[in-house]
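Hello,

Here is the structure we talked about handing over. My notes on it follow below the files.

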Amino acid sequence: MTEVKPLDILLVNIPRQDFYAPPAGIAQIKSAVEAAGFQAKCIDLNIDLYRRLEEQGKLDQMPLWADWALTNAQLELLREIYGPILDDWAALIASHNPTYLGISIFSNISVIDAKALIKRVRVLLPYVKIVVGGPGVKLNGQALLEGGYCDFYIAGEGELAIQALLRGENSFPGINSYAAEIPFLDRLPFPDYSDFNFSSYRSQSPSLVITGSRGCVRNCTFCNVRSTWKAFRFRTGKSLAAEMLHQHERHGTTNFNFSDNLVNGALHPFRDFCRELVEIRRSRDIAFRWSGHFIIRSKAAMPPSDFELMRDAGADTFWVGIESGSEAVRAHMKKMFSDADMDYTFEQCQRNGLRLQPMLFFGYPTETEADFRQTLDWIQRNRRYSESKTIVRLLIGATMSIEPGSPVDERREELKIRVDEQGQWYSELFPENTMDVRIERHRRALELAQSLNYPLIDRHSKSLSRVRDNILAHKIPAPENTDAAPQAGLVYRRSL
Ligand code: B12
Ligand code: SF4
């Protein structure tokens, strides 16, 4: 009889995440754990939710999982649908009887789902040691620990800390604290996706997340990237190409999405990576396609030959942070590119068949009406790229929110940022830029883009109109950050 090894750690991923590809976080943690000699298994509960809702003909209810502020009726509906699913998940976890349960919390909103699941798991498996990790743990880990929801939290990069935890080294940096950044990313094992059923995911062909770098070379004033990653670290082109080949051999994957904040942060390794893929295409006839985030650089930094190399290497679609049509606003943001750099980049992308998903947002603290009109001009001016299908989607982002840990947050005094009686931020230096005005700018930009037939992504109209209604009704103060706090007449998804 063969002896069944007990499962050292069961890793689960919870809603709400994307449904296109298996989750990279737990796949990365699994390979790190197994490299240290422990046994791990991954279960993607997020995709399980999707498939269950699909079976029940309730996919239209999916937005309930991504909404911060629900009406009482919506909350009741969510509880009714979700309660039995959470019970099933707790039973599934209990059936594996692992020593540790690792829960990956993708964003702040998933903390609510984590708590609801943990309450149920604690009843069925009172002795399991629960460790939470993932991007949503950064701000919430300590509270989850103090609330008894977990035995450990690992904030930041989890690979080394989880290995130490399983070895019993509970005071290793990162355990119940923020993990030190891992300097040499090439030394990490490739993520292990063997526990996932690729046919469950929504992408047409098997698609995977890949990480080429952590951190960013920029420090845009509205972004909190430096509070998450201090240093920019990157993998070599050889290592990245080897991971692609590895995943291709195991899962047939030719489509990859970079999780990096930017793929062109370090240009030498980026070019090496492209050359590796050109060579793989030539010698093995494998045509990888890859997409990600991208920053605009000058012609001197990225000459036309770089765009040709990207094309030959299978570069596909890139999110690009334009943020504002005003050069003055972008200069204040430290975006570090001019209109000329942007025009050059768009032209090069068009010429080489690279597709773009530009992102805009509204009401940066220094944004005046004149600046905003330049964003409207930008939308007008670039419609030719939408018509030529170089711009495949335009992201009409939210109104500016002041992210904890961002340079704007740290410079609140200098910018004279105050909170008005509605709980919304404004700057005494630019008092016309109120939440009302920001919401209005969002609406004007959206309407213009719609009228010009841009293919659009707009995730914020509904929540912004709720905030506006609250402001107009002058009910209880609306939240400063529309994504993260209760609003008048609505209930926060505080318990499930
Ligand atoms: C790709 C991505 C997406 C994709 C999702 C792809 C997918 N398959 O689900 C898309 C574009 C759909 C997306 C959407 C959203 N995203 Co997003 N996304 C990212 C991004 C760029 C990469 C995530 C990733 O895959 N990284 C690679 C893996 C390997 O890293 P990881 O998951 O962080 O895992 C590491 C650690 O976190 C940890 N870890 C992870 N799990 C576990 C578990 C255990 C037990 C342990 C110990 C450790 C651990 O160890 C891993 C290895 O070091 C990050 C930013 C970034 N660069 O990380 C933002 C990020 C995660 N997203 C974020 C947000 C807010 C969202 C949205 C809520 C945005 C919105 N308002 O709609 C949505 C929510 C998801 C949804 N509605 O579907 C925030 C989360 C911030 C927060 N604390 O809440 C981030 C950090 C961006 C940011 N700086 O604001 N996102
Ligand atoms: S907005 Fe993008 S480019 Fe700017 S610091 Fe953040 S991640 Fe980097």
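The protein chain has 17 helices and 19 strands. Its radius of gyration is 23 Å, close to the 23 Å that the globule rule gives for 496 residues, so the chain is as compact as a globular protein of that length. Please keep in mind that this is a predicted model.

On overall dimensions, the C-alpha trace spans about 75 × 65 × 45 Å along its principal axes. Of the 496 residues in the protein chain, 43% are buried. Taking contacts with a separation of 6 or more, 75% are between residues 24 or more positions apart.

Strand 1 (residues 9-13) pairs with strand 2 in the parallel sense, over five bridges. Asparagine 13 is opposite aspartate 44 in strand 2. Between strand 1 and strand 2 the chain passes through helix 1 (residues 24-35), and this β-α-β crossover is right-handed.

In a regular strand the side chains alternate between the two faces of the sheet.

Last, the ligand site. Which residues surround ligand 2? They are Cys216, Arg218, Asn219, Cys220, Cys223, Val225, Asn261, Leu262, Ile295 and Gly321. By class, this shell around ligand 2 holds six nonpolar residues, three polar and one charged.

Regards

How values were computed
Residues numbered from 1 in each chain as written. Chains lettered and ligands numbered in written order. Predicted model: local features only at pLDDT ≥ 70, side-chain atom pairs only at ≥ 80, totals over all residues. Near = placed C-beta within 6 Å. Nonpolar A, V, L, I, M, F, W, Y, C, P; charged D, E, K, R; others polar. Pairing = 2+ DSSP bridges. Helix = DSSP H or I, 4+ residues; strand = E, 2+ residues; numbered from the N terminus. Right-handed = clockwise from strand over helix to strand, strands pointing away. Rg over C-alpha atoms; globule rule 2.2 N^0.38 Å. Buried ≥ 20, exposed ≤ 12 C-beta atoms within 10 Å, placed from the backbone. Contact = placed C-beta atoms within 7 Å.
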